[in-house]
Every structure is written in structure tokens, then in C-alpha cells.
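User: I would like to learn how to read a structure of this kind, one feature at a time. Please begin with a single residue and its surroundings.

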Amino acid sequence: MNKKTLLAALALLSLATAACGRPFDVKTAPGFIELDDQAPSYDYRAMTPEGVVFAVRAVDVDDKGDIAFWARAITLRFRQSNGYALVDTKDIESRDKTPGKELDFGHDESGKPFTYRVRLYRAQSRLFIAEAGGTKEQMERYKDTVDWMLSSVRVKCGSIVAPVLASHTCNKW
Amino acid sequence: MKSVAAPASYPGGMTGGVAPAPASTPAFAQYSAETESVASADAPEGDGRVADNSPPPAPPRPSSPPVVPAPTTNGAPPKAPPTATDAPHVVSMLIYTATLNLAVFQVTEQMDKVEGIGHSIGGYLAVRNDQQITIRVPRERFDEALGQIEKLGDVLHRSVTAEDVTDQFMDLEVRLKNARAVRDQLQALLAKAGVKDALEIEKELGRVTESIEQMEGRLKLLRDKIAFSTITVTFQPVETQTVRDTTLPFPWLQDLGLSSLLNVH
């Protein structure tokens, strides 16, 4: 490998690393636009003109609590304190095969039914939370798109660089 | 008045405001047996076709409260029920009440369904507002109604109580019987009294009659409460002490939810 090739590779790597500064990857589906400057609450947020919102956040939990713990904590909070209806729950996998949990909630806001889907993953000492919500009507309308975006989430670094970059600063995406 | 835990399955077959007699509830079975004996005592001998060693016929359902005679309007003494004096009932008379907290999702639709369940099983709507609905259902279908309602949504909290009002019921019955006896005596005295005494007797008669009417009203209310169970469904969060007092120390957890998600900037 000559010097030019090495520089080019390094440039590409640094570009990829600094590309978005998020420790996960998510694709924005047609029909959604990504919103800027959503920190600190969200690392990524996108929405449709009708108000369906999709968001991902990575929370540093220092390896504390497994998926079952966080799923239970979130469920308790929503059901008992906020009165959300737990409509469904199931085991899922991220695009990179990280096991996770999906929770579907329903809740009336100002007398209007809304649905709220949460996916949880544990990776990189973090808890990754992908959320999608909107009115029940619009969520049903965008169901396939939302599912596609949820399925696009990756929370681990690629296999080649994983040994090196699988850390808090893993910004491969 | 005391509350007791509800049985696993709720007895059915109640008619006339008194506990039914399912096989799983001995108290009710006892009542049923007594009712049968009452019915036998009052019943005509029949044609004698039933052999002495044949099994007894199935106990008839009580069609009216067994110990409370119908009030008379003409002042004549009511016919005393056969068991009211000599064999007071040892009956469990229970008022069933259920409270359900359902998650706040599609509230209007679910309230309509709760109301529909009430109507479909012979009950009626008692109260309905934005967050709460109360229906009253025939006691024998209480369990069925609860089961149907629980399937409507996410049940956050469920409470069922059975209030035993046997003592209260029996006490009222005895007092009513005594009051009626006093009234009968006063009426008999009135028939024989002179003008001066008649005024005093009529005054006392009025007081006793008023007391009888009050007791009859209370008995009627009790019978209604026993005959129709109350189910209240509330659509609101349950503020449990566990969550309120032991909130997990993760601010982001409090920040989750639709309000944060949809509040874009």
C-alpha cells in the first residue's frame, strides 16, 4: 500500500467516523425529513408532514441493566404513571442482529388516540431507544415506513472495525 | 358492615335481592336449602305421586325475598312468612363491587363498549363522565361482565370486593317485623278507642308507619344493591407508590413518551 492509498483510506475512515457523530445508524425513509439539532434529548429525529415522528437516542447506561430491566422500567412508567396501554410486546433484532425488545403503547392525548412504538437495544454500554409515535390514524398510514426505519437501525460497529472501535466513541456510521 | 374478599367465581342465580345458591358457596347453598324448606312448608300437598324415598325435587329459585312480607295498603296485618319468626335465615347477602383501571387509550370507544356490555347482559348505565363509567349488572352475570370488560383494554388495576350486609339485612327485617306488629296492635287499639285516646294512638300510628316506610325503603335499597353488582371502569393512570416514591434515577426515562417525541423544534 503506497502513501496515497493509505492517506485516502485514512481520509475515508475519518470522514466516516465524523460523518454524523452518532453511535448508531438509521435511515430516513422517503416521506420523512430529518430534523437538525435535536440534542440533547435525541440523537436523531425525523418527522412526516402529518406529524408522525421517529427518533433514536443512545443513553449511556454503563452496562447497567439488561433489556428486560429497561423494558420493564419503561413499561411501568408508561402504564402505571402515565396510563398508556401496553398493546403489544415482542422480541426483535436490529439490522445488525442485536437482540432487542419492541413495546407498543396506545394513549389518548386530548381525547385523540395516539400510538407509540419503542424499540430497545443494548450495545456499546449504551441503551439505544428507537421511538415512533403519532396519531393512531397516521401511524397506521405510515406503518410500513415506520417499520422500515425501525428495521434500519444498527447499534453495533461493523465486524471489521469492531475490535478497535466498539466503545463509547464508536462513530463508524 | 364488613367487606370480605370475593370468591374466585361469583355466584349466580340471584333473584329478588338475595344471594343465590351455587354449589361452590356453602353459605348460598344453605340459603337455598332453607328456601326449599320454606317453599315446601307453604306448598300444597300435591297429588302424592312422589314416593317417600324419592329424591327431593330441585330447590326452586326464590322469586322474592323470603322473610319480608309485602306491605299492606289497607292496614290489615300482613301475612307473616313461615320462617321469619322461628327460623331466621343464616344467609350471606353480599354486595359485589368491582373497580377497574384501564389504560387511557381509545377511551370513548371503550366506554361505549363497557356500556354495551352492561346493556347486553341485562344491566344498565349508572354514571358516565369523561374518565369514568359505572354500570350495574345482574349479580349472576357479574363475573361474565368483568371478563368481557377486562378484554377491552390494558387493565392497570383491578379490585373486587364483596360486602357482607347480612347483619344489616337481618336487623332491618326484625325491626320491620316488630314495627309492623306494633302498628297492628295500634290499629286494633284504635278500632276500640274513644275520641281522646284515638288522637294519641293515631299520632303514634303515624310515627310507626313512617318508621316502617323508612325501613322498607332501606331494605329495598339493600336488595337492589345485592341484586345488581356495580362495576366502575376508570380510564386514568394508577399512581402507585412504587413508581412515585422510588423513581429510577435516570432523567432520560422521565423524558420518554409521546409528549417529548412529538414536541419537535
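Analyst: Start with V208(B), which is buried because 20 other C-beta atoms lie within 10 Å. The cut-offs are these: with C-beta atoms placed from the backbone, a residue is buried if 20 or more other C-beta atoms lie within 10 Å of its own, exposed if 12 or fewer, and partly exposed in between. The model is predicted; local features need pLDDT of at least 70 and side-chain atom pairs count only at pLDDT 80 or more, while totals for chains, interfaces and linings use all residues. Residues are numbered from 1 along each chain as its sequence is written, and chains are lettered from A and ligands numbered from 1 in the order in which they are written.

User: Where does V208(B) lie, and which residues does V208(B) touch?

Analyst: V208(B) belongs to helix α5 of chain B. Helices (H or I, at least four residues) and strands (E, at least two) are DSSP runs, numbered from the N terminus. Two residues touch, or are in contact, if their C-beta atoms, placed from the backbone, lie within 7 Å. Not counting residues up to four places away in sequence, V208(B) touches A179(B), V182(B), R183(B) and L186(B).

User: Which helix do the buried residues of α4(B) pack against?

Analyst: They pack against α5 (195-227) of chain B. The buried set of α4(B) is F169(B), E173(B), L176(B), A179(B), R180(B), R183(B) and L186(B). Helix α4 of chain B covers residues 166-192, and its 27 residues reach 39 Å from first C-alpha to last, close to the 39 Å expected at 1.5 Å a residue. That expected span is 1.5 Å times one less than the number of residues.

User: How should I read a nonpolar core?

Analyst: In soluble globular proteins, nonpolar side chains tend to be buried together. A nonpolar core here is a set of buried Ala, Val, Leu, Ile, Met, Phe, Trp, Tyr and Cys residues joined through C-beta atoms within 7 Å. The largest has 70 residues, and those with the most contacts inside it are F54(A), V56(A), F128(A), V146(A), I149(B) and I231(B). Apart from it lies another core, of six residues, including L176(B), L186(B), M215(B) and L219(B).

User: How many bridges join β4 and β5 of chain A?

Analyst: Two strands pair if DSSP finds at least two bridges between them. Eight bridges join β4 (residues 85-93) to β5 (residues 99-109) of chain A, and the strands run antiparallel. K90(A) stands opposite E102(A) in β5(A). The hairpin has five residues between its strands, and K97(A) takes a positive phi near 70° there.

User: Why is D96(A) classed as partly exposed?

Analyst: D96(A) is partly exposed because 17 other C-beta atoms lie within 10 Å. D96(A) is placed in the loop between β4 and β5 of chain A. Leaving out residues up to four places away in sequence, D96(A) touches R154(A), V155(A) and K156(A). The C-alpha atoms of D96(A) and K156(A) are separated by 6.8 Å, although the two are 60 residues apart along the chain.

User: How many residues of each chain take part in the contact between chain A and chain B?

Analyst: The contact takes 30 residues from chain A and 25 residues from chain B. On the side of chain B that touches chain A, the largest share, four residues, comes from α8(B).
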